[in-house]
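Me: I've got a structure here and I'd like to talk through its salt bridges and its sheet. Can you take my questions one at a time?

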Amino acid sequence: MKLRKQVTVCGGAIFCVAVFSLYLMLDRVQHDPARRQNGGNFPRSQISVLQNRIEQLEQLLEENHEIISHIKDSVMELTDTGAVSPSGHLPFKSANGSWVLPFDGRPTYLFIKPQDCQLAAGGHTQADVQMLDVYSLLKFDNPDGGVWKQGFEITYEPAEWDNEPLQVFVVPHSHNDPGWIKTFDKYFTDQTQHILNNMVVKLAEDPRRKFIWSEISFFSKWWETADVQKQEAMRKLILGGQLEIVTGGWVMTDEANVHYFAMIDQLIEGHQWLEGNLGVTPSSGWAVDPFGHSATMPYLLKRANLTSMLIQRVHYSIKKHFASTRSLEFMWRQAWDTGSSTDIFCHMMPFYSYDVPHTCGPDPKICCQFDFKRLPGGRVNCPWKVPPKTVVEANVAERAQLLLDQYRKKSKLYRSKVLLVPLGDDFRYDKALEWDQQYINYQKLFDYMNSHPELHVQAQFGTLSDYFNAVYKANGVAQGSRPPDYPVLSGDFFAYADREDHYWTGYFTSRPFYKSLDRVIESHLRGAEILYSLAVANARHAGMEGRYPVSDYGLLVDARRSVALFQHHDAITGTAKENVVVDYGSKLLRSLIGLKRVIINAAHFLVMKNKEFYRFYQTEPFLETVEEHTGRRLCHNSSNKNKMMYLVLFNPLEQERLCAVTVLVNTVRVRVLTEDGQTVPVQLSAQWSSATQMSAEVFEVKKKVSCRTSIKRKDDPQEVKVHMQFMVYGTRPSKDKSGAYLFLPDGKAKLYSQKEPPVVRVVEGPLFSEVVTHYQHFQQSVRINNVPGVDGSSIDISTVVDIRDQTNKELAMRLVTDIQSGEVFYTDLNGFQIQPRRRHQKLPLQANFYPMPSQAYIQDSHHRLTLHTAQSLGVSSLESGQLEVIMDRRLMQDDNRGLGQGLKDNKKTVNRFRLLLESRSTGNKVSHFPSILSHMTNAALNHDVLALPVLPKRRGIPPLQTFSPLKSFLPCDVHLLNLRSIQKQRDTQTPSPYTALILHRLALDCSLEAQNLGFNCTTTQGQLSVSGLFRNLELQLLQPVSLTLMHSSAPLANDSSISLDPMEISAFKLKLR
């Protein structure tokens, strides 16, 4: 057996052979061509101008002094070490036992302008309803409300509508899950294609008929299989207003576990398909089935130019409270917005479900009688034992009065005399009979109501936007504007409970393997998008577009759609059938293979020093990908002792980074050189095949280990005690038990224990030191990186979990600290924003868990401890100073929410974290924004450097060079979210000459003490020159567009600076050549 070794190469600015880095040095010199020196006296009118310029110069000098001071300090640190290598080689150990590396004391500076910290330091939104306060206010009791079990009795006076008749919009819909009980393709074949085929025929039979559709993944698949006549008929229905596309995303996305990159990407994919094939621009959002609602979604819809939205799955106590205060319709505002620029009109459905029994009014027994699919003789009936009746002349008056009573009662919960009544359920209208049953019977009821003016009602079929537009008109405001006296709300709607203490907090962790895989593929997708756009632009610039594999765009499209499909609220949530999960996984893995090919092909072109030597062969790739944990080794051939092997590294971040990169080799004789021949420090470590077996030599440490420890920054005398525990939850012994959706524990967690003491390995070296602890059901690695900057400022934690032999158990990692956090903790929403949480003793344990897509933290007036995560998991703080993460759950039964299965398909799963301790400057108040270091830590964790070995070539390796696409730094508070090649109209598999640049300006908490980031970091108050951004490329178009690229503003001058506010996400259409 050959000896397998692991080599960690430390680099960043110094990378092996070639680096793709989306950065370059920032030019701090500001040129003003108009500035010139004048002699003589100034007119009085110019004195104020001169004073302003003197003030600007003073500010620049102050900034310059700050930067010089940082550099001077760094140089002094390097000089003061006084360490001299005995052999002249680095790294080496100094007299005090610490490792000395060539980049210690590397001069870098951090200069963030005070103006760029004002959002965190300033006030927050002025909202009438703060969800954090609502949680504190409510009792969360559950008294019997009568026919509306979770609500209250609704009464009205018959004359209330005499002056202003009730307007009723009945909105037929069919909720189509792109995978749940069946796979996406199986659902399409069995049901969805029939729904859409029937739609074309049945809506055309009567122009008064309306319908709404949401999922473009299904719609596009139908479109591809439909003939031209069906396509034209469908287009006519849409343009005529009978069919409305609502939201228009690829899926109805989950809102708990998803990252905002993927939320945006699936929305773009749907909207771009609509624009290219139908010319449709959605204006209303429709989200009836996600299990709780995030505040990120209204922001993204607003940035995509939607004006209204609807939500449904909200805690029943909150629905009751909002109904009692007639606050079910509100303007949803972002927590950081001190104005109203982020406001979007939101309608919350008031009752238990979006099905017909729970949408016409408060009494499901009556509403079910108006679901005409349930007429006697059909396969579906009413659980309340009173079936629907076909509407005929003899009963139409009685039926209409009964239904109108429900409409009136429901309308009393809202502020306008306009009422929305959804009419549908999962996969409804798949048979022509149901179309006739629903539309014909309802039309008879409408005709009767409308022909009797004494009823004071106008009822009709409508689309979602028909309803919203009627509300705006009734209130005398423009579309999307705030009606008078409607409340403003800030916050989110987690956690969701549909009844009793049944909190849907289990799915925050369910099937963590796939949650982790999703994030890996998202990072690859973003990297592939950026590299492909740059490679194609550079190929055009060099006149080599015909020689570059532009057809790789098809692989990008396939990956976009697979990732978008997985954002569905039964996919990333882990709440689908086992065979459906396998289908999602197969699609994702196929996409990952395609993305690696896109990255390899783009990298090949971009690192070629002489593009004339560039040749692309489909069957003979120039590079390959190597994964840190599972990838191939860089093999050394003993017959070629001095033969060089080449490695290309790709940094997908927009900032320079200094980090350790790991590859596998099969020799202990390793030397790594940079492109210009400089030696790079390496650390050679053993590759372990098991807890105690390392090829021929084994070092074994066996003893009982206490996990109690402390964390202390080098420059901070204060220690923070951190005790890491592993805990186990069971499920309830009887009645309802935990399942894929629900977390129903059998009480507080118990400390994990095993009979044998764990095996502990300790590795110490110049680049990193690591403690690996092996338990029966998990293996934990805790690593400290000995590099300056971001990677050296936090602790790497990697936990490999395997609970496949457990029954009804959930494994948690708990951090116990002496931070005085009280009952408040903080979790992120979709990796986009931070939401404060409050632990409530009045709620059951499971109600205090929240989604953690990217981070959670606790803090007091002195410290903040942040747990960054590379995968979405459920998190809580059950005691002051604690953070607790559920890492995996294995459950043997269904939880009665329709899935019909437990969670028994667990896989060995790697959960990756970084633990960051930060000190707060005294006197600074606590805020809920990450620091710049925290932002960078999260980005580094979620976007690994990709190692791409150059494959041996018979004719030798042509000359290679570093490719750095940016000729000026991006400000370090600006995140390059995507650089996405835009499709050609009506041809989704071919790129147009245009590229979408999507930028996010981060909001910063500057009250946490600044650390050396390892790169030069400055901010510019959100100002950015795009024309000066890309090296060797000419900017031929700069056009602001909406977030999903459907709405365009007038193009800017190519040399314009763009401006971003903190937290703002903006998109621009570029033409690069």
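Me: Which residue forms a salt bridge with Arg561?
Reply: Bear in mind that this is a predicted model. Here the closest N and O atoms of the pair are 3.0 Å apart. The pair links distant parts of the chain, from helix H15 (residues 553-566) to helix H7 (residues 260-277), 292 residues apart. The partner of Arg561 is Glu269.

Me: Is Glu269 buried or exposed?
Reply: The cut-off for buried is under 20% relative accessible area. Arg561 has 13%, so Arg561 is buried. Glu269 comes out at 1%, so Glu269 counts as buried.

Me: What relative accessibility does Arg208 have?
Reply: Arg208 forms a salt bridge with Asp447, and the closest N and O atoms are 3.6 Å apart. Arg208 lies in the loop between H4 and strand E8 (211-213), while Asp447 belongs to helix H12 (residues 432-450), so this pair ties together parts 239 residues apart in sequence. Asp447 is partly exposed at 36%. Arg208 also counts as partly exposed, with a value of 43%.

Me: Now the sheet: which strands stand at the edges?
Reply: The open sheet has 6 strands in the order E6-E16-E12-E13-E11-E10, with mixed pairing. An edge strand here has a single partner strand, so one side of it is left without a neighbour in the sheet. That describes strand E6 (129-130) and strand E10 (284-287).

Me: Which residue in E16 is the bridge partner of Trp332?
Reply: Strands of a sheet pair through backbone hydrogen bonds, either parallel or antiparallel. Strand E12 (residues 329-332) and strand E16 (residues 488-490) run parallel and are joined by 2 bridges. On the E16 side, the partner of Trp332 is Leu489.

Methods
Residues are numbered from 1 along each chain as its sequence is written. This is a predicted model: local features need pLDDT of at least 70, side-chain atom pairs count only at pLDDT 80 or more; totals for chains, interfaces and linings use all residues. Side-chain values use heavy atoms; hydrogens and water are left out. Two strands pair if DSSP finds at least two bridges between them. Helices (H or I, at least four residues) and strands (E, at least two) are DSSP runs, numbered from the N terminus. A salt bridge is a side-chain nitrogen of Lys or Arg within 4 Å of a carboxyl oxygen of Asp or Glu. Buried means under 20% relative accessible area, exposed over 50%, partly exposed in between (1.4 Å probe, protein chains only).
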